[in-house]
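Hello,

Here is the structure I promised to pass on. My notes follow below it.

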Amino acid sequence: MTETIKRGTRLSGSEREQLAGELSRGYAEGKSIRALAEETGRSYGFVHRLLSENDVTLRSRGGATRGKARQGG
């Protein structure tokens, strides 16, 4: 993954495209948005926005929901 970029540093052009590609690959490999944010030193929101802007289909949240818990019990 790209070296940690200082939080708040503006990314544009080829740098932004390169980071978007790396984040997309990492997410496709199963890494979470939070893990990708930590690796790159960016915020969760930035990573989420960059993935969304690049038409990455985001996974739903994991874990049991209240509806599933009620049905099982």
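**Pocket and helix packing**

Helices α2 (33-40) and α3 (44-53) each supply at least two residues of the lining of the largest pocket. Helices here are DSSP runs (H or I, at least four residues), numbered from the N terminus.

This is a predicted model: local features need pLDDT of at least 70, side-chain atom pairs count only at pLDDT 80 or more, and totals for chains, interfaces and linings use all residues. Residues are numbered from 1 along each chain as its sequence is written, and side-chain values use heavy atoms, with hydrogens and water left out.

The largest pocket has a volume of about 270 Å³. A pocket is an open set of points on a 1 Å grid over the protein atoms alone, where a 1.4 Å probe fits, with protein on both sides within 12 Å along at least five of seven lines. Its volume is the space filled by probe spheres set on the points. Lining residues have an atom within 4 Å of a point. Among them are Y27, R34, H48 and R61. The lining divides into four nonpolar, four polar and three charged residues.

Now the packing. Helix α1 (residues 13-28) meets α3 at about 90 degrees, with the axes 9 Å apart. That makes α1 roughly perpendicular to α3 (65 to 115 degrees). The contact (heavy atoms within 4.5 Å) includes L19, L23 and Y27 of α1, and F46, L50 and E53 of α3.

E53 sits in α3.

Best wishes

Methods: Ala, Val, Leu, Ile, Met, Phe, Trp, Tyr, Cys and Pro count as nonpolar, Asp, Glu, Lys and Arg as charged, and the others, Gly among them, as polar. Axes are lines fitted to C-alpha atoms, for helices over the stretch in contact, and angles run from 0 to 180 degrees between N-to-C directions. Angles under 35 degrees count as roughly parallel, over 145 as roughly antiparallel, 65 to 115 as roughly perpendicular and the rest as oblique.
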